[in-house]
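Please keep the sequence and the structure open while reading.

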Amino acid sequence: MPRQSASCVRDPAEKHDPARAAAPGVPGAPIDDTMAAQLQTVFSRMQSPLVLRLHLNGGDVSAELRAYMDALAAQTDLLSVDEAGRHR
């Protein structure tokens with residue numbers, strides 16, 4: 001299994017800071033206008049819907065991941081988020 005460099009590994013003791021996770025200039029938004037424009041290029045090539053199935057544990061990192069995936073799915077009707085073990 002490939003190993004991540006130390007600079008890519010998150011310290012488990014580090015708490016989620018929503019302000020730091022937010023995009024510059026857009027408080028609370030994980031996806032800024034530039035990133036949204038880049039994502040539209042990718043989404044325009046998608047030919048069928050995709051479900052992002054998340055396996056979360058209720059911790060801070062899981063909440064952060066869910067927020068990012070919800071923000072991503074909000075960019076297109078072709079993406080949806082489903083939490084494994086939960087029924088909609």
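The points below go from the overall fold to individual residues.

1. Basis of the note. This is a predicted model, in which local features need pLDDT of at least 70 and side-chain atom pairs count only at pLDDT 80 or more, while totals for chains, interfaces and linings use all residues. Residues are numbered from 1 along each chain as its sequence is written, and side-chain values use heavy atoms, with hydrogens and water left out.

2. Overall fold. The chain contains 3 helices and 2 strands (DSSP runs numbered from the N terminus, helices being H or I of at least four residues and strands E of at least two). Their order along the sequence is α-α-β-α-β. Of the 88 residues, 26% count as buried (buried means under 20% relative accessible area, exposed over 50%, and partly exposed in between, with a 1.4 Å probe and protein chains only). Among contacts between residues at least 6 apart in sequence, 58% join residues at least 24 apart (a contact means heavy atoms within 4.5 Å).

3. The strand pair. Strands β1 and β2 run parallel and are joined by 5 bridges (two strands pair if DSSP finds at least two bridges between them). Within this pairing, L54 stands opposite E83 of β2. The path from β1 to β2 passes through α3, and this β-α-β crossover is right-handed (that is, with the strands pointing away from the viewer, the path from the first strand over the helix to the second runs clockwise). Strand β2 is mostly covered, with 4 of its 5 residues buried.

4. Helix α2. Which residues of α2 are buried? In this helix, which spans residues 33–43, they are A36, L39 and F43. Viewed down the helix axis, the buried residues of α2 fall within an arc of 65 degrees, so they line one face of the helix (the arc is that of the directions from the helix axis to the C-beta atoms). The cover over these buried residues includes α3 and β2. On the face turned away from the buried side, α2 carries the exposed residues T34 and Q38.

5. The start of α2. D32 caps the N-terminal end of α2, with a side-chain oxygen 3.3 Å from the backbone nitrogen of T34 (a polar contact is a pair of N or O atoms within 3.5 Å; within protein, one must be able to donate a hydrogen and the other to accept it, and residues adjacent in sequence count only if both atoms are side-chain atoms).

6. A search of the whole structure finds 3 salt bridges (a side-chain nitrogen of Lys or Arg within 4 Å of a carboxyl oxygen of Asp or Glu). One of them joins D82 to R53, with the closest N and O atoms 3.1 Å apart. Because D82 lies in β2 (residues 79–83) and R53 in β1 (residues 50–54), the pair ties together parts that are 29 residues apart in sequence. D82 is buried, at a relative accessible area of 13%, whereas R53 is exposed, at 52%.

7. R66 forms a salt bridge with D70, the closest N and O atoms being 3.1 Å apart. Both residues belong to helix α3 (residues 60–73), where their spacing of 4 residues separates them by about one helical turn. R66 is partly exposed, with a relative accessible area of 21%, and D70 is also partly exposed, with 34%. A salt bridge also links E83 with R66, the closest N and O atoms being 3.5 Å apart. E83 lies in β2 and R66 in α3, so this pair ties together parts that are 17 residues apart in sequence. E83 is buried, with a relative accessible area of 17%. Through shared partners, the salt bridges join R66, D70 and E83 into one network.

8. Not counting residues up to four places away in sequence, S62 touches L56 and N57.
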